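Good morning, everyone. Please have a look at the structure on the screen, and I will then take you through a few parts of it.

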Amino acid sequence: MTGLDSSLTKLGAALERAAASDLDRPRARPRRAVLLAAAVAGIVVLTGAGFAAVRLISGGDVAASLPAGTLSLAGTEPTCTVVRPKRSAIGWEPSSRRSTLRSM
Amino acid sequence: MKSDARLLREARRQPAAFRELYERYADGVHGFHLRRTGDTDAAHDLTAETFAQAWLSRQRFRDEAGGSAGPWLFAIARYVLLASVRRQSLERSACERLGVFERLDREPVEVEPAESWLEGLDEALDELPESQREAIRLRVVADLDYSGVADALGTTPRAARVRVSRGLATLRKRITNPLEALK
């Protein structure tokens, strides 16, 4: 087949066999379990972050965010009261917030 | 006849294609190592390592020399030689990974590489035009992609690719056949 000397011919055969074995070797690939675990971890992190964001918003934060520039609020100091949801006859009522104005 | 580039594409799934490429270059690569080491056994093992490295990195081959894999293979041979001298032991990581010596049913040779193996290696590089030498240094030694080489040289990626390709082709001729390179 070739004009190579015997040692180089043997080396060529050895390399070809080694290459064939290398091709047959199973490759590492992402497993479903790993992908699933990553997805679950992502959901947990996002949910936790959302929960933390809600808990970090206090009544004071809401009060501070009220449009201080609104003319109708001039001369007042807005505060907030959180109203807990009440159970009605037909189920949970949507939560609501009521702001009260206190004259300065 | 199939080009080297085509053989390397086929070699992604077919060891026989890689064997065909080996048949084309085994003598040249072996001669390259033999001239520098002056040791038949060491040259044989360095040839084995050169082709083992080529097999493992065949998917990174880019056809930059009109379908020839010569410049690419001799760049690997040069790297294997340099790594051996730097480590003071023959580079054989790819052969070990592929189990080449087990298939040859022999132990790798114990030879201590000498600095003299590198004589003449860098002279060939020094003789290249500066633009090609710098392009090769950035691409092969610094391992920049062609955009990076182009930025460093103030040219386009296409022009950088041409400089590297021409420089490697000239190097290959000078290393394997000094007389041919003078033509």
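Predicted model: local features only at pLDDT ≥ 70, side-chain atom pairs only at ≥ 80, totals over all residues.

Residues are numbered from 1 along each chain as its sequence is written, and chains are lettered from A, and ligands numbered from 1, in the order in which they are written.

Helices here are DSSP runs of H or I with at least four residues, numbered from the N terminus. Helix H2 of chain B, residues 15-37, spans only 29 Å between its end C-alpha atoms, whereas a straight helix of 23 residues would span 33 Å, the expected span being 1.5 Å times one less than the number of residues. H2(B) has a kink of about 50 degrees centred on Tyr25(B), where the bend is the angle between axes fitted to the seven residues ending there and the seven starting there. After H2(B) comes Gly38(B), with a positive phi near 65 degrees.

Which residues of H3(B) meet H4(B)? They are Leu46(B), Glu49(B), Thr50(B), Gln53(B) and Ala54(B), and their partners in H4(B) include Leu73(B) and Ile76(B); residues are in contact if their C-beta atoms, placed from the backbone, lie within 7 Å.

Finally, the contact between the chains takes 17 residues from chain A and 21 residues from chain B.

How values were computed: Contact = placed C-beta atoms within 7 Å. Helix = DSSP H or I, 4+ residues; strand = E, 2+ residues; numbered from the N terminus.
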